[in-house]
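Hi there,

Here is the structure I promised to pass on to you. Please open it beside this email, and then read on for what I found.

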Amino acid sequence: MAHGIHLTGARLIDGTGAPPLEPATVVIEQGRVTRIDTSAERTPADFAQIDLAGKTLMPGLVDAHVHVTNFDMPRAMKGQEAIAPEVKHHFIAAGLRRMLRMGITSVRDVGAFGDDLLHARRAVRLGEIPGPRILSCGRIVSATSAGGRHFDGMYREADGPDEMRKATREQFRRGADFIKIMTTGARTCELENSSPAQMTRAEMATVVEEAHRMGYRVAAHCEGLDGTRLAVEEGVDTIEHGLELHRAPELLDELARSGRVLVPTLSCFFDVSENRDGRWADGLLELAKRQHEEAHRTVEAARRAGVRLAMGFDSQPNGMSALELVRMCRAGLTPMEGIVAGTAGGATACGIVAHVGSVAPGMAADLLVVDGDPLAEPELLLDEARIWLVIRSGRPAAGAALEARLPGLGADEAGVTVDPVPAPAGRPISPPDRS
Ligand SMILES: [Zn+2]
């Protein structure tokens, strides 16, 4: 058995923003990067070698703001067999596999329905289903609110500092990796006003104090400036959305000074304002268009102020997180800055930057090899065929290189979209449930 892997001849983007190194050899042993070498040394006989000439090696992507379980399940048509709630677990597993396939090796889930995501996290950690590293907030800690009813099963509502402390402790008990709070309402819930602060200063201070004392980080949903200001002043670790921050340069300066992270989640504003399939209520649509503008101004202002930014897709489908990276570039980041936001920036938001998010000796070997140069063409990160190899904890785990494709015989090439074999009794719904 090989002692490790030599990845040779790559253009290396290490995730820190340093200029690319080429050609680089990256040595992986025991799940970690142990050495980076530019002398084109020969691979020892007891190491496997993967030749990456013409390809770019970078850290695996880190999405700091996902909701893995927030997808729409297909609905059975009238008369068809109902889709049991338990089927959702398989869709969650498929979404996680899809994320890994697209080079996403770590995610921070900032709100899920019930404990479904915690169960999936367990299965991934047991090595039974492929997926990124998952950090979960358990339930979102929120004041009693319309959102608590709208997003049924996702929130733990609490009022007053003592209840907030208990709600925070309940998340530790549940196995949360960090705490998520709602400092303002959510624009995606018609009954909520996202302008005023929804939690009091005392409530916020209590959650932050409790979490930090116990060694947990706090992520804060922030839309309106009042809640955002309280979050910054009371010491939360990451600002989620934070779209109005361009109006308060002093808060951006404070985030930059203290090394805290803004996760702008541009994609969620696109998602609502583009309103594909006409699914969003009119009022929410108009609001999203205004917020879209503000979010872009905030990305520019935060960049100028030197605030650390992280990629957070906050949208569906699972696996398309790099769309946020591309959108951040279109909003003014250079491709290198976009890649840093999608790797080391994301890892900083997650609190795991000492282990993942950059390629350096001692770091976990969570790596992505792409066909081409993402500095010239960030969009290639969205192209499945060019996600050549994904390495998770030192193991080749996914990617085009691992998929044996017989030219001309793949499902796409042959135009096979419907399984021609009917289910034994009756007609299958699409996609068919048996073959
Ligand atoms: Zn979100």
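In the hairpin of strands S17 and S18, two residues lie between the strands, and Ser393 takes a positive phi near 50°. Please keep in mind that this is a predicted model. S17 covers residues 387–392, while S18 covers residues 395–398. These two strands pair in the antiparallel sense over three bridges, and Arg392 stands opposite Arg395 in S18.

S17 also pairs with strand S16 (residues 367–371), again in the antiparallel sense, over four bridges. Here you can find Val369 opposite Leu389 in S17.

Next, have a look at a sheet with parallel pairing. It is an open sheet of three strands in the order S6-S7-S8. The edge strands are S6 (61–66) and S8 (133–136), each pairing on one side only. On average, neighbouring strands of this sheet are turned by 15° against each other, direction ignored. Strand S7 (residues 104–109) runs parallel to S8 and is joined to S8 by four bridges; Ser106 stands opposite Arg133 in S8. As a reminder for your course, strands of a sheet pair through backbone hydrogen bonds, either parallel or antiparallel.

Which helices lie across this sheet's strands? Helix H2 (residues 116–125) lies across S7 and S8, and runs at about 150° to S8. Helix H11 (residues 335–350) lies across S6, S7 and S8, at about 50° to S6.

H2 also packs against helix H1 (residues 87–101), at an angle of about 55° and with the axes 10 Å apart. The two helices are therefore oblique to each other, and their crossing is right-handed. From H1, the contact is made by Lys88, His89, Ile92 and Leu96; from H2, by Asp116, His119, Ala120 and Val124.

Is Ser194 buried or exposed? Its relative accessibility is 8%, and buried means under 20%, so Ser194 counts as buried. Its side chain makes a polar contact of 3.2 Å with the side chain of Glu223. Leaving aside residues up to four places away in sequence, Ser194 touches Thr184, Gly185, Arg187, Glu223, Gly224 and Gln291.

Note on methods
Residues are numbered from 1 along each chain as its sequence is written. This is a predicted model: local features need pLDDT of at least 70, side-chain atom pairs count only at pLDDT 80 or more; totals for chains, interfaces and linings use all residues. Side-chain values use heavy atoms; hydrogens and water are left out. Two strands pair if DSSP finds at least two bridges between them. Axes are lines fitted to C-alpha atoms, for helices over the stretch in contact, and angles run from 0 to 180 degrees between N-to-C directions. Contact means heavy atoms within 4.5 Å. Buried means under 20% relative accessible area, exposed over 50%, partly exposed in between (1.4 Å probe, protein chains only). A polar contact is a pair of N or O atoms within 3.5 Å; within protein, one must be able to donate a hydrogen and the other to accept it, and residues adjacent in sequence count only if both atoms are side-chain atoms. Angles under 35 degrees count as roughly parallel, over 145 as roughly antiparallel, 65 to 115 as roughly perpendicular and the rest as oblique. A crossing is left-handed if the near helix is turned anticlockwise from the far one by less than a right angle, and right-handed if clockwise.
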